[in-house]
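Please read the following briefing alongside the sequence and the coordinates. It begins with one local packing arrangement and then turns to the overall fold.

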Amino acid sequence: MAAPGENLRIDPERLWSSIHELAEIGPGVAGGSNRQTVTDDDAKGRALFKRWCETAGLAMGLDQMGTMFARREGSEPGLDPVYVGSHLDTQPTGGRYDGVLGVLGGLEVIRTLNDLDIRTRRPIVVVNWTNEEGARFAPAMMASGVFAGVLDQADVYTHKDKDGKSFGEELERIGWRGDEVVGARKIHAYYELHIEQGPILEDENVDIGVVTHGQGLKWLQVTLTGKEAHTGSTPMPKRRNASLGMARVIELVHEVAMDYQPDAVGAVGHIEVYPNSRNIIAGKAVFTIDIRSPNKQVLDEMDERIRYGIQNTAEALDIGFEVEQVGHFDPVTFDKTLVGNIREAAKELGYSHRDIVSGAGHDACWINRVAPSAMIMCPCVDGLSHNEAEEISKEWAAAGTDVLLRAVLETAEIVG
């Protein structure tokens, strides 16, 4: 493909306006977003995205996991398409850009091609994967996991939220369960644009992160069972305190992660204690351990050490324990050709860039199992994400989408 001209750039104002118009649906209490998967607000956000896609001349497909596929036809429709996208669902207290930039950046690529009357040999498909966040229904990256064959569709349909509602029933209720068989589509290549969700790019004043690898992840849901008793009248030696066990495990997770620096992170995020009363010793604690590393051996060793420590803690405190792995993927190496396309696009556009490892999980991590995949990252302020204060600049969004546009065209091939 001939190198595109210097004027081949997206419309920053249009992209920025679309991002903030979508944020009006499911607004958070502090300026961010609360558009959790398969909620009524998720349905409204999907409807707006669909209208935008149809206005851009795209044909919308919908699979049985609710994933949306908006297709721009190529000059050779029989060729496998180039896919680009991310997710529109958010955390309960999420930002406006996590996931959204990747989906609307993909739409902006299509709008720009329409504006310039550029045709491609391969079709281009903009995708909104269902339930990337995993906040309401575990695990994260649910729909892309089913697409890649690593999660079972019938099983994830039964997964319940904290109110006992199942994913499958809620997807059906909001009217976004399609008929298309999940995973039936052929993908020539997949690109995903995302905010970094970390501080490296901003700290180093770099415009573009060229993602070469993704960290592996394990989520361990731990249930500790003690005995509810009065906090005032129960002697200390007689207590079977589930929350004390949880506190010791939280410290253990931190210590284990610190032992593998700089190649590991670990924390406990989700916590529930029962009965959660001021004057009752907790009889049960349920919490989720999140450990990550780009090194599979390190990840497995952390898992083993933490499980051993949980057992020892439970025995010392005379409490019961269960450990269930509720999320997992191995470290990812992204496709070298696509990564090279991203690097070359950044160079051609004059953007500073550096290789980077993704600390978070993304749909690209699963899709990489079934098709060549790669990711582009732009900075975010203070590296903050999964927080309503999450922030990026219009210039950062435009730079990432400019790179996305050129990388997609390199793969989809300009006609003429």
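The buried residues of α1 are covered by elements that include α2 (40-55), α3 (100-115) and α12 (394-412), where contact means heavy atoms within 4.5 Å. This is a predicted model, in which local features need pLDDT of at least 70, side-chain atom pairs count only at pLDDT 80 or more, and totals for chains, interfaces and linings use all residues. Residues are numbered from 1 along each chain as its sequence is written, and side-chain values use heavy atoms, with hydrogens and water left out.

**Helix α1**
- Within α1 (residues 12-22), the buried positions are Leu15, Trp16, Ser18, Ile19, His20 and Leu22, buried being under 20% relative accessible area with a 1.4 Å probe and protein chains only.
- The N-terminal end of α1 is capped by Asp11, which places a side-chain oxygen 3.1 Å from the backbone nitrogen of Glu13, a polar contact being a pair of N or O atoms within 3.5 Å, one able to donate a hydrogen and the other to accept it.

**Overall fold**
- The protein contains 12 helices and 15 strands, taken as DSSP runs (H or I, at least four residues, for helices; E, at least two, for strands).
- Its radius of gyration, 23 Å, is close to the 22 Å that the globule rule gives for 416 residues, so the protein is as compact as a globular protein of that length; the radius is taken over C-alpha atoms, and the rule is 2.2 Å times the number of residues to the power 0.38.
- Of the 416 residues, 55% count as buried.
- Among contacts between residues at least 6 apart in sequence, 80% join residues at least 24 apart.

Key:
Buried < 20%, exposed > 50% of the residue type's maximum accessible area, 1.4 Å probe, protein only.
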